[in-house]
Amino acid sequence: MANIKLTRFSPNRSIRVHHLKNSSPMFEFHAHDSYELIMLTNCNGKRYIGDSVSRTEKSELLLIPPYVRHTWDCESKAQDIVVVLFGNELLDTAIPELQPVMHWLKAINQVVTLTLDTKCKETLYKAPMLEMKRSNSVEQVTKVISILDSLRTSCDKNESYITATPQVWLPRLIEYISADEIRSFTDCVSKLNMSESSLKRLLKKELDTNFTELYRHIRIKKAQRLLARTSTPISIIAEQSNFNSVRSFNEAFKVYSSLTPKQFRIEHQWRLN
């Protein structure tokens, strides 16, 4: 079974980028709780995505939705492997021009794959992906949005999809925990219609965590959104995030974010302007 990785972004970033050169994609069978753009160049072998096994092309770009298991088994080293991770926060905006991309992205339940076999595709996808790691944060955001918009257009022209079913239980659990009400472990077990031992085993095996840590992870991410996008007092956000006191909220938030809630809000004040 795949290990699901909880993606932690830097306090002032909504994107994580990794770039490997002359390397084999030797990562384990895994999934992310974020979206993943991955490009491999000059790489031959097999890709394993969900329950699908297929040949990988010499150079390709894939968009993988959250909670879809994947890995590669290549016969040779790839010239470049570029991995871009991003969450819903990237496009969580009221800017009208971004609405078509945001709606398309949220509706995706299959992996999008694109062979980079023309000069046009190299210009639209390969060049910006290769430049991603050395770009500043603003440039990374604009590049990712441009790539997603081009992928959306390509998909409208019947480009390739890979059918892959996400793991169902985790998104349901995260959605349930993310609600405003306090959720106990017993509540979650009942919601998922599974035994306590089964949920504990899944959390350990697939997330290498326990319910308390996952609950804190989700509630802190919610607090980050409230701090960045509202002027709600920190004491109220602590309460809305289901912490017993502002002190415990501050301590947990700093462990997770490396900043206090006040410092985090200052970093993101531009969103309130």
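**Helix packing and aromatic pairs in a predicted model**

Good morning. Helix α5 (residues 185–192) and helix α6 have axes that come within 9 Å and cross at roughly 95°. The two helices are therefore roughly perpendicular to each other, a label given to angles of 65 to 115 degrees, while those under 35 degrees count as roughly parallel, those over 145 as roughly antiparallel and the rest as oblique. Axes here are lines fitted to C-alpha atoms, for helices over the stretch in contact, with angles running from 0 to 180 degrees between N-to-C directions. Helices (H or I, at least four residues) and strands (E, at least two) are DSSP runs, numbered from the N terminus.

A word on the source. This is a predicted model, in which local features need pLDDT of at least 70 and side-chain atom pairs count only at pLDDT 80 or more, whereas totals for chains, interfaces and linings use all residues. Residues are numbered from 1 along each chain as its sequence is written, and side-chain values use heavy atoms, with hydrogens and water left out.

Which residues of α5 and α6 make the contact? From α5 they are Phe 185, Thr 186, Cys 188, Val 189 and Leu 192, and from α6 Glu 196, Leu 199 and Lys 200, where contact means heavy atoms within 4.5 Å.

Helix α6 (residues 196–207) also meets helix α4 (residues 169–177): their axes come within 12 Å and cross at roughly 105°. Hence α4 and α6 are likewise roughly perpendicular to each other. On the α4 side, Trp 169, Leu 170 and Leu 173 take part; on the α6 side, Leu 199, Leu 202, Leu 203, Glu 206 and Leu 207.

I turn now to aromatic rings. Rings of Phe, Tyr and Trp (its six-membered ring) pair if their centres lie within 6.5 Å; planes under 30 degrees apart count as stacked, over 60 as edge-to-face and the rest as tilted. The count by this rule is six aromatic pairs. Tyr 35 and Phe 86 are stacked, because their ring centres lie 5.4 Å apart and their planes are at 15°. This pair links distant parts of the chain, with Tyr 35 in strand β4 (residues 35–41) and Phe 86 in strand β9 (residues 78–86), 51 residues apart. Both Tyr 35 and Phe 86 are buried, meaning under 20% relative accessible area, with exposed over 50% and partly exposed in between (1.4 Å probe, protein chains only).

By contrast, Phe 211 and Tyr 215 form a tilted pair, 5.7 Å centre to centre with 40° between the planes. Finally, Phe 243, Phe 249, Phe 253 and Phe 264 form one aromatic cluster. Thank you.
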